Amino acid sequence: MGFGAEAVPGRVRGAVLDRTTREPIPLASVIVVGSTRGAAADEHGRFVIGDLAPGVYHLRASAMGYEPDAMSEILVHPSRSTELEFLLEPSVIEAQEVVVTTGFFETSPDLPTSSRALSYEEIRRAPGAAEDVQRMLQALPGVAGANDQNNEIVVRGGSPYENLTVMDGVEIDNINHFGYLGATGGPISAVNPDFLREVTFSSGGFSPRYGDRGSSVLALELREGDRERFRGEAVLSMAGIGANIEGPLARGRGSLLFSARKSYLDLMYKTIGLTAIPKYWDTQFKGVYDLSARHRLSVIGLYLDDGITIEAEEPDAWSRGAEGVESFGYRMSAGARLRSLWKAGHSELVMAHNLLDFEDEVFEMPERHLIYRDHMTQTTGQFDLHFTGRAVRQDEWSAGVGLRPIRFDYDWWLEPDTVAYDDFTGDGLPDTLIHEAWRVKESATSYKYMGYLQYRWRPTPTWSLVAGARLDGFEYSKHYGIGPRFSAQWDFLPKWSLSLAYGIYYQALPTHTYAEDPGGSNRDLPHGRAAHYVTGITFLPREATKLSLEVYHKDYDDLPVAEEDLVSDPPFRSHRHFPVGKKRVWGFEFFAQQKLATNWYGTLSYSYGDARSSEPLRGSFPADYDFRHVSTLVFGHKTNLSHRSWFQAFRRRWYGWWTYVLPINGDELAPSTRFRYVSGRPYTPMAWTTDGPEYDFHWEEGEENGDRYPDYSRWDVRLDSKWFFRRGTLVVFLEVENVLDRPNVAEYFYADDGKRSTAHQFRFFFVGGVKFAW
């Protein structure tokens with residue numbers, strides 16, 4: 001143990017419940033996999049397994065008449081309790097206790113295909129992710145990153161805006177710092193990874209419970225705070241300095257969990273050579289209270305505040321067209337979920353409020369001449385009621401309705417501009433096109449609405465069928481869509497299963513798209529429409545090993561296209577859109593995963609995708625996020641060097657001094673690595689044209705997305721070490737991203753003097769952190 005201290009054992013406690021009704025399952029058995037340790041649940045479904053040495057464990061719950069459920073990589077701290085919740089599904093044959101077929105890979109009826117469940121430990125130690133949940137998802141099949149500077153994800157050729165994030169039932173547009181309006185990512189995640197109990201990600205074919213998105217669902221379930229005693233945690237990392245505190249509420253009837261974090265890069269930006277000055281801080285909390293044995297109230301909150309000032313200080317920066325930028329904003333999300341148990345099932349009432357406020361100013365330098373300004377505020381409410389019940393043992397039905405009041409205030413201003421063009425009039429002088437100042441000041445109050453119905457039937461132990469439909473509408477645009485959903489799974493052999501899914505998904509456009517045309521012509525734009533077709537096969541050779549192959553096809557219709565891209569006349573400024581765009585995406589994905597059942601883990605994914613857009617003028621061309629080949633390899637090993645005699649002998653030698661510098665002598669050591677390859681993303685090439693008089697020299701666009709950036713590849717390594725003290729845990733991690741310092745291209749920029757410059761993604765980059773929990 002840490003520095004010779006003997007750690008106080010921890011324990012695991014929790015409940016075993018029926019998945020559909022959430023009723024407790026008395027006498028359920030919970031065991032520690034690979035040992036004889038275990039416990040039986042009491043009449044309230046509660047269990048406790050005590051006297052566990054600090055470390056990582058795998059647990060399985062089972063009961064007569066139910067299919068077993070397993071959880072992997074449950075972390076037990078010294079002198080602390082880890083709270084778990086097992087959800088068991090009734091077996092079709094009531095008296096049968098089914099043989100394990102899902103192993104450590106949990107599935108959900110709401111996310112029947114293309115879904116992965118991730119534990120807190122899998123997210124925390126993921127190499128190349130820096131404990132950021134969205135960056136960790138980029139190791140999954142069908143998922144690509146827009147670029148290293150942003151954790152935004154691209155799923156199966158779809159736009160990042162098509163990804164839905166749900167935290168404890170509360171829908172949140174963006175959980176990241178420095179995210180702009182309509183974005184779903186940012187450079188730094190504001191979600192504290194220590195709050196996460198489980199993360200489930202679906203890349204397509206999801207059920208009617210989720211909607212108003214066309215590509216994916218990221219469901220974040222937060223853990224409860226400690227109900228027995230107050231605990232704390234201090235964290236120092238590249239993302240900032242912060243602290244967590246948790247403890248009981250009302251003598252154990254509830255709990256509180258709170259964290260706060262602040263950046264410190266603004267205090268040292270000159271020392272480390274930054275020309276941008278980032279400032280940010282965030283706070284997060286969760287409270288849980290048992291109103292009674294059948295009613296539980298949980299409350300969550302997330303607040304993030306950030307700002308950045310770009311001040312290029314090189315002497316020639318302004319001559320290259322550099323601009324000064326000031327950007328400030330904040331987001332707040334708060335919500336409550338009341339879960340109630342009834343005779344035939346359980347209900348969830350979710351009420352939430354989301355607020356965002358952004359303000360940006362762009363200057364021409366060095367005289368700080370204002371050329372662009374915006375101020376955007378948007379509030380969104382959420383009132384959802386869900387019910388899940390059972391009529392007979394082999395079925396499950398669920399229904400829900402929801403209302404989302406929206407208020408937005410947008411104020412955009414862009415200064416007038418003049419552009420010199422060819423001599424169309426024939427007078428020997430360039431003709432000048434004058435762009436008037438663009439100003440949009442729009443305020444509106446409206447609402448979105450939704451409703452869904454779903455029925456699941458298991459006629460035999462090997463078949464599961466799900467059918468339903470969902471309504472999504474937006475009063476502001478006067479449009480709505482009703483999308484059918486269907487999925488099926490057939491376990492045709494004990495370790496093999498075949499699945500398929502079909503669904504129609506409607507998504508309203510970002511609210512600023514409706515409002516950005518001063519004439520209001522965008523207001524009646526319809527929802528985008530996406531049809532998903534997914535089929536796949538899964539093989540589980542062992543309970544901790546999974547192999548899968550999926551094929552998918554997506555059809556998009558009614559996508560907005562800018563008016564500027566629909567005419568071939570001389571350029572003009574317009575913010576009007578027309579719903580005439582289409583997109584077709586197809587591909588296949590292979591995924592192999594080994595959970596940390598013994599001392600090693602890893603994943604291997606390969607995805608091929610083909611995404612093509614089509615428009616009336618430009619015809620068919622590669623879509624903006626057409627990543628053809630994406631492959632990721634992750635490998636890690638857990639060991640303990642401090643208990644090995646050869647390591648102790650090595651440390652005593654004069655050349656073993658470096659073992660005292662690197663954090664490799666902890667009670668648990670986990671080195672890991674990730675290699676990622678992504679084929680080049682398409683872009684529209686530009687050619688510098690010098691024909692004619694000098695005033696007419698200009699960049700001329702080539703074929704739409706007719707070229708591709710160079711292929712991307714990156715190798716990352718990570719080292720995690722844990723020390724267990726008597727009543728605390730010290731965790732140290734070191735991570736080197738882009739070990740080979742590969743100059744991956746992010747984007748090309750075209751200056752007014754005809755020169756093209758290259759912006760690169762992260763080069764050799766070091767990340768580290770220290771965490772102490774007590």
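This is a predicted model: local features need pLDDT of at least 70, side-chain atom pairs count only at pLDDT 80 or more; totals for chains, interfaces and linings use all residues.
Local features need pLDDT of at least 70, side-chain atom pairs count only at pLDDT 80 or more, and totals for chains, interfaces and linings use all residues. Residues are numbered from 1 along each chain as its sequence is written, and side-chain values use heavy atoms, leaving out hydrogens and water.

**Exercise 1.** Decide whether Ser298 is buried or exposed.

Start with its place: Ser298 belongs to strand S22 (residues 295-310), strands being DSSP runs of E with at least two residues, numbered from the N terminus. Next, take its relative accessible area, which is 9%. Buried means under 20%, exposed over 50%, and partly exposed in between (1.4 Å probe, protein chains only). Ser298 is therefore buried.

**Exercise 2.** Classify the aromatic pair of Phe47 and Phe86.

Recall the rule first: rings of Phe, Tyr and Trp (its six-membered ring) pair if their centres lie within 6.5 Å, and planes under 30 degrees apart count as stacked, over 60 as edge-to-face and the rest as tilted. The whole structure holds 30 such pairs. For Phe47 and Phe86, the centres are 6.0 Å apart and the planes stand at 50°, so this pair is tilted. It joins strand S4 (residues 46-52) to strand S8 (residues 81-90), across 39 residues. Both Phe47 and Phe86 are buried.

**Exercise 3.** Now try Trp496 and Phe539.

Their centres are 4.3 Å apart with 20° between the planes, and the pair is stacked. Trp496 lies in strand S32 (residues 496-507) and Phe539 in strand S33 (residues 528-542). With a relative accessible area of 33%, Trp496 is partly exposed; Phe539, at 21%, is partly exposed too.

Technical notes
Helices (H or I, at least four residues) and strands (E, at least two) are DSSP runs, numbered from the N terminus.
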